[in-house]
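Colleague: Please give me a close look at the packing of secondary structure elements in this model, with the criteria stated.

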Amino acid sequence: MAAWSERLAGVRGVLLDISGVLHDSGEGGGVPIPGSVEALARLKRSQLKVRFCTNESQKSRGDLVGLLRHMGFDISEGEVTAPAPATCLILKERGLRPHLLIHDGIRSEFAQIDTSNPNCVVIADAGESFSYQNMNKAFQVLMELDNPVLISLGKGRYYKETSGLMLDVGAYTKALEYACGIKAEVVGKPAPGYFQSALQEMGVESHEAIMIGDDIVGDVGGAQRCGMRALQVRTGKFRPSDEHHPEVKADGYVDNLAEAVDLLLNRTWSCKRSTYGDWDTSHCVSTKRSLLTSEEPGEQAGASCTVHTAQS
């Protein structure tokens, strides 16, 4: 794999996933991942553009931002690309009236949407509202339509809370697809249009951007298919098997957001070469020198090296 200097060259914008990268959700709102508050603050003090790209569909964008700010994160509502507001735009543009199978936490996002006489179904991470009765009602609405439209706020298989892994909306979307013989339209990661929207809002081209996320398929794979680079953090829903995924290979793996920011903000590393031909940052100690202009330490597999530099 190419040196970090090559992999990160030309990056002008950073897309950040939220759940699993900044914090783990859960009872009481969840907890920040260690080091993430400080890492985001350092990133936002840099010249890099930053945007948050989330599939969160249990909290409104305002409530999510309020929760994160309470945790100490420097974030504003206008910096967040979220699926519920994007879905509302689609519904209005196409004259769609949805039957909503969603969490009460985002119902306010659809307050201005006509839901009478539904001609589509919108499904999100409804949590405890994913009862048989509610799933069956969505199924019935779709089956009664001549041209059924199913819009899903994301395609995730699972996510991580402080209590453990939780089943995500993708599983329920697949059930409706199978039962109705249709294909859902996904608003959220990994849909290409969703990433393109975030890039436009940030004002950078895909080749100038990098995605940092914990989901090897939704975050990493989705971003790469849009021409972006992507790093996977070993926090949140990350599983060791992700590094051997049969279809998706991240441009790099880092232990957490803090290490990703160290790389992006012109740091060098004291590293041991991993068995995967990559730099295993779990063994790294950063020093203050520009990574993007320094040589890659060590060239032989199995070698370890340290670069000692003057303080910048």
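Modeller: What follows treats a helix pair, then a sheet with its helix. This is a predicted model, in which local features need pLDDT of at least 70 and side-chain atom pairs count only at pLDDT 80 or more, while totals for chains, interfaces and linings use all residues. Residues are numbered from 1 along each chain as its sequence is written, and side-chain values use heavy atoms, without hydrogens and water.

On the α2 side, Ser-36, Ala-39, Leu-40, Arg-42 and Leu-43 meet Leu-257, Ala-258, Val-261 and Asp-262 of α9, contact meaning heavy atoms within 4.5 Å. By class, this contact comprises six nonpolar, one polar and two charged residues (Ala, Val, Leu, Ile, Met, Phe, Trp, Tyr, Cys and Pro are nonpolar; Asp, Glu, Lys and Arg charged; the others, Gly among them, polar).

The sheet is open, with four strands in the order β6-β7-β8-β11 and parallel pairing, where pairing requires at least two DSSP bridges. Its edge strands, β6 (98-101) and β11 (185-186), each pair on one side only. Strands β7 (residues 120-123) and β8 (residues 150-152) share three bridges in the parallel sense, and Ile-123 stands opposite Ser-152 in β8. Helix α6 (residues 169-180) packs on this sheet, touching β7 and β8, and its direction makes about 170 degrees with that of β8.

Terms used:
Helix = DSSP H or I, 4+ residues; strand = E, 2+ residues; numbered from the N terminus. Axes fitted to C-alpha atoms, helices over the stretch in contact; angles between N-to-C directions.
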